[in-house]
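Reader: Hi! Could you walk me through this one?

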Amino acid sequence: MDLKKLLLRNETALIVAIVILSVIIGMKSPEFFTLSTLFDIFRSSFVQLLFALGVLVVIVSGGIDVSFPIVGIFSGYSAVVIMQRFNLDTNSLAIPIALAIVIGIALGAVNSIAIASFGIPTLIATLGTTGIFRGLMLTFIGSSFISDIPAGLDKFATADLLKITPAHGTLARLHVLIIPITIITILVSLLLSRTMFGRSVYALGGGVEATRRLGISIKRTQAKVYMLVGGLSGLAGILYVSLQRKANPYDLAGSELDVIAAVVLGGASILGGYGTVFGTVLGVLLISLIKGNLILLGISGSWQRAAVGALLLIAITAQAIGESRKAKNRRVVTNDEAAEK
Amino acid sequence: MSTVLTSEYGVENIVKSFGGAKALSGVSLSVQSGEVHCIAGENGSGKSTLIKIMSGVHAPDSGLIRLGERTFTELSPREAVQEGVQVIFQDFSLLPNLTVAENIALPTYILRKSRFLSKAETKDIAAKALELIGVDIDINAPVAEISIASKQLIAIARATNLGVKMLFMDEPTTALTRKEIKRLFEVVEQVRSRGVATVFVSHKIDEIQEICNTITVLRNGEVVADGLMKDFKRDAISNAMTGINVSETRIAPELKKSEKKVIDVKNLTTKPTFSDISFSIAPGEILGVTGLLGSGRTELAEAIFGQYPVNSGEIHVDGKKIQLNSSSQALKAGIGYVPPDRLTQGLFLDQSILRNLVAVDVDQYKSSGGRLSKKRLAEVGDRWIKDLRIKTKNPLNPVSSLSGGNQQRVVLAKWLAMNPHLMILNGPTVGVDIGSKREILEIIRDRAQEGMAFIVVSDDIPELIQICHRVIVIKNGHISKEFSEAELNEEVLYKELS
């Protein structure tokens with residue numbers, strides 16, 4: 001790829017933004033440039049990234065899912081409740097994770113039915129299921145805060161891959177999740193780029209009618225997409241519970257802003273058809289950086305949401321401008337072609 | 001004596017009704033492999049229904065579908081593809097966000113029922129498919145960034161790649177320039193020579209005469225004529241299609257001598273799109289503007305209407321200089337503009353015919369207090385529907401319920417309702433059938449007689465000759481030549497264009 005194209009890529013802009021922001025924060029407070037800060041950003045990105053990968057797939061397919069936070073906490077909270085009620089092996093990590101993923105897929109299947117079978121617009125469908133899922137959880141699963149989560153999950157919160165104590169400064173701890181999360185990220189990337197399912201998702205985002213004429217089943221693709229988001233959200237939910245060392249059914253609500261902002265900042269087109277895993281990873285890191293460290297710039301915590309919201313709007317505006325500029329360039333190209341002839 | 005083995009593709013005695021309406025009543029069609037067959041017919045003649053039956057979208061009520069050795073009473077879309085039937089729709093059904101390579105290769109993977117795909121193989125499949133039809137296009141480019149002509153060729157490459165035996169092309173030349181059409185015909189010839197039964201659906205008579213060996217003419221769901229192309233004269237085809245004598249003689253009204261100028265364009269320049277464009281138009285004059293796609297003709301039309309940026313130059317309307325780069329100023333000065341793509345630019349498809357008719361100048365229909373007067377609206381709507389012979393039962397039906405020709409009339413009516421001094425029509429009859437086309441040209445003529453000036457931008461040379469007083473040819477953004485009324489004939493215009 002030539003240099004000009006590389007520079008114009010969304011990912012490049014994000015890297016530049018991350019670097020500039022880091023330099024500004026670092027100049028204000030030198031303690032920013034420590035391993036501990038870096039590892040903290042990673043830690044706060046794990047759950048967000050899992051959600052974001054799911055949302056990326058949905059957005060590329062031309063849809064949107066706003067039910068993922070409730071699917072996440074529903075799955076995580078329910079897994080803990082089930083563990084306790086049925087006296088399952090409290091030291092196990094695999095059981096609650098598997099439970100949460102299965103519950104997440106099941107909830108995703110409900111979205112799939114609403115969207116693929118009944119043809120309800122994706123935003124409305126997932127907004128509706130958000131309410132349904134929340135009501136069901138609070139009524140039938142529980143509405144109380146659980147602080148004594150199963151031991152396996154609790155211990156996992158401090159399962160560190162690396163512990164480094166620098167000569168000066170605080171202890172830096174890198175959570176072991178960095179490995180599985182990296183693997184999952186790579187798998188989603190391969191899923192999108194190397195499988196027919198992945199390409200069908202892009203095709204669907206590019207045009208429904210053309211995709212149908214290709215012989216790709218729209219319904220089946222959509223159904224898989226929302227189940228995949230459900231599964232990823234379930235996993236994100238249980239990891240959230242583990243990392244927080246508590247299961248609170250009221251948590252995660254409102255996190256859709258951060259996640260959708262991260263995915264759109266990462267270059268996914270809200271109109272569908274475009275988006276990359278790498279961009280999404282960078283988007284998540286940028287949002288984590290802002291949320292965790294704006295305070296070092298003397299900006300109060302309450303401004304964080306405003307900052308993230310503003311970033312979302314900036315990203316969408318940039319997309320729209322880029323789109324119209326592209327259209328103009330296209331015209332010039334055809335004129336040049338005509339001139340050559 | 002040697003015989004060439006050919007197979008036969010087509011239908012026998014197909015009947016198909018929708019609700020009570022018969023779309024096809026006993027249509028038979030036979031296409032040999034290695035020939036280019038034309039299906040001609042007006043909108044609503046049953047062309048699309050026939051294509052849909054052969055590609056498995058609709059099942060016929062009765063009749064047989066013959067594909068080589070095999071006969072079917074109906075087909076599923078998958079069966080149709082497996083039997084080698086491919087349709088290239090007018091929108092090409094390509095995915096703009098994927099690369100050329102992926103667009104060509106994806107159906108191959110789908111047919112193979114693969115779960116995975118590799119980038120290298122995708123490119124390989126695409127490169128081979130393009131090579132097969134002798135076309136060179138960058139396979140790594142996203143489809144969104146390539147020209148319409150290239151998209152068409154990609155759609156053909158994709159079809160041939162799927163082992164096509166019968167290829168339908170639905171109005172393939174609508175958006176192409178002369179040069180691109182020539183290239184398309186070369187590719188069609190390639191495909192034909194490899195034994196594909198090619199079906200060309202079109203109503204552009206020049207083109208079907210050039211490329212097709214045999215022809216079937218449909219009207220109201222019946223075959224009204226068929227046979228060898230060479231046995232058909234131009235008039236015979238259009239008469240068969242319309243059932244009436246449609247003449248293609250000149251209808252431009254006599255131009256009254258006038259010193260007045262409705263518009264005076266001086267040295268209009270936007271580099272590199274066009275430069276130093278100057279011309280003026282008298283009241284009642286119809287000026288034709290033509291040029292290849294990309295010559296700057298569309299941009300020029302948009303620039304006069306203030307929609308395309310102008311770097312320098314002057315435009316005077318009725319002697320007064322108008323502000324450039326502002327379509328609201330152009331509107332105020334009395335310039336109207338009908339864009340070429342009525343579907344995306346000119347109409348609100350889901351809204352009623354009436355609402356579309358009054359959309360340009362809603363203020364006219366306000367009653368006191370600023371509310372829209374329903375009665376005024378209905379009067380205006382009825383008048384236009386009658387004046388322009390728009391065929392509809394109810395003006396409250398959505399525009400999308402109308403045929404292409406009638407939609408175009410709604411666009412025209414919408415703008416004529418403002419009574420502009422100068423009307424710019426960009427491709428006024430694109431995708432419109434012959435009967436409607438004539439009527440649209442007659443509408444232009446009638447208005448011109450009343451003194452309205454027109455700029456007709458088109459690449460349909462016969463149409464320009466029928467209606468225009470003068471034609472200017474744009475080449476690379478310059479006026480390469482101007483033809484006066486006496487000089488207008490097809491041969492010289494085509495020559496100047498190519």
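Author: Happy to. Chain B and chain A bury about 2,600 Å² between them, 57% of it on carbon and sulfur atoms. Buried area is the accessible area (1.4 Å probe) that two parts lose on being put together, summed over both. This is a predicted model, where local features need pLDDT of at least 70, side-chain atom pairs count only at pLDDT 80 or more, and totals for chains, interfaces and linings use all residues. Residues are numbered from 1 along each chain as its sequence is written, chains are lettered from A and ligands numbered from 1 in the order in which they are written, and side-chain values use heavy atoms, with hydrogens and water left out.

Reader: Thanks! How many residues of chain B are in contact with chain A?

Author: 33 residues of chain B are in contact with 26 residues of chain A, contact being heavy atoms within 4.5 Å.

Reader: And which residues form a salt bridge?

Author: A:Arg199 pairs with B:Glu102, their closest N and O atoms being 2.6 Å apart. The rule asks for a side-chain nitrogen of Lys or Arg within 4 Å of a carboxyl oxygen of Asp or Glu, and it finds one salt bridge across this interface.

Reader: Switching to chain A, at what angle do helix H9 and helix H11 of chain A cross?

Author: Helix H9 (residues 196-206) and helix H11 (residues 218-244) of chain A cross at roughly 105°, with axes that come within 10 Å. H9(A) and H11(A) are therefore roughly perpendicular to each other (65 to 115 degrees). Among the residues making the contact are A:Phe197 and A:Leu204 of H9(A) and A:Val225 and A:Leu228 of H11(A).

Conventions
Axes fitted to C-alpha atoms, helices over the stretch in contact; angles between N-to-C directions. Helix = DSSP H or I, 4+ residues; strand = E, 2+ residues; numbered from the N terminus. Parallel < 35°, antiparallel > 145°, perpendicular 65-115°, else oblique.
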